[in-house]
Amino acid sequence: MKSFKLFSLGAAALLVGLLMSGTPREAEACCGDGAIAAQGANAAGMAVSSAVSTATSTIVAWLQKIDSSIQQGFSTLTREVTKQTAQQKVMMEGAIAAQTQLYMEKVRADATTKYELSPRSCYEAATGAAAGQASASVKQTAGSLNQASADRTLYTPSSAAVISRHYDNHVAKYCTAEEAAQGRCSLPSDPAMQGADIRVDTLLGNSNLTPSLLEAVQALIAKLVNPIPTQNIPKAWEGTAQGKAFIAGQYIEQARASVAANSLNQAVAVRTPVAGLGAAAMVNKADISPMELMETLVNGRFQSPDWYTMISGFSTENLLREQNKMQAFKLWMDLQSFQQMERVEAMLATNLAMGVKADSAAQLEVARSAAAKAGQ
């Protein structure tokens, strides 16, 4: 811009210099006409010089205006460029900031997906703790039921009274419509309780035993395991050898019966509601049985459309977590199955031993008789 200005002023000065150099001198005439011609030429030259000077001034003024306009134009252009550059800078910085924000949001989303716990985490932690509570409750309940079974075997004062109770209890609480028609009871019991003390589905067909069902199931087990226990002998007899043999026989009977009783009582215990177990497991019922807890853990996945929808949006990490939780549950269920199989083996072993004893007793009795004859 400055160079252009200096060039413009230099060009104007050169033009003026060239024009001024043609001014006539005082002593010289034009075309040999003497002094008069010289004066006319001088006057003409002065007019031309004046016109040129005026033109030069005008040109210089215009050049200055042009220069000023150019300067203003360049200045305006510079300001506009600067302004646009600043705006572009702001826009670029904003774009960078936006891209950075989007990137960070993506990073946070990825971190949330990968590293935050799944929506089931709280529920899983609660059910895991509840499972321990359920196991303790099952053990305690089964122990109480087993003790009651042992007491029936070892401390029954009257076998006849036991038989009478079986009948009276049934017609009073579990009488069927057919039995009512036969006159065993005046009215049949509630349809859900008819025959409940003599049907195994009362136990195995329910996941939660209400107080009424629990009573019916205990009556059922009493009929299945040593239904008519041998009544005790008078205390005075117990000091004799025969009395001790009788009590020893009761112990043997109880030991064998306890195998069956334990298996059935375990099934009862796992279906007995535990106070607060549902609340601890974060399910929609406060008091549930350990069996219901197992069903919740299974049905909450396999039978739940929401579960399939939920895992479809899981990241690989949360899918692995869900798989690990199911594997942990499977380990717990494997333990339950192992303990159940132990009870099955115990019953099979007991039944086998009793069968062997019964078979060998008959054979040994024959052998004893033969030995007795041979020894005479």
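**Reading aromatic pairs and burial**

Trainee: At 17% relative accessibility, does tryptophan 332 count as buried or exposed?

Mentor: Buried means under 20% relative accessible area, exposed over 50% and partly exposed in between, using a 1.4 Å probe and protein chains only. Tryptophan 332 has 17%, so tryptophan 332 counts as buried. Keep in mind that this is a predicted model, where local features need pLDDT of at least 70, side-chain atom pairs count only at pLDDT 80 or more, and totals for chains, interfaces and linings use all residues. Residues are numbered from 1 along each chain as its sequence is written, and side-chain values use heavy atoms, leaving out hydrogens and water.

Trainee: How many aromatic pairs does a search of the whole structure find?

Mentor: Rings of Phe, Tyr and Trp (its six-membered ring) pair if their centres lie within 6.5 Å; planes under 30 degrees apart count as stacked, over 60 as edge-to-face and the rest as tilted. Here the search finds 2. In tryptophan 307 and tyrosine 308, the ring centres are 5.0 Å apart and the planes meet at 75°, so this pair is edge-to-face. Phenylalanine 329 and tryptophan 332 make a tilted pair, with 6.2 Å between centres and 35° between planes.

Trainee: Where do phenylalanine 329 and tryptophan 332 sit?

Mentor: Helices (H or I, at least four residues) and strands (E, at least two) are DSSP runs, numbered from the N terminus. Both residues belong to helix α12 (residues 316-375); because they are 3 residues apart there, about one helical turn separates them. Phenylalanine 329 is buried too, with a relative accessible area of 17%.

Trainee: What are the relative accessibilities of tryptophan 307 and tyrosine 308?

Mentor: Tryptophan 307 is buried at 10%, whereas tyrosine 308 is partly exposed at 39%.
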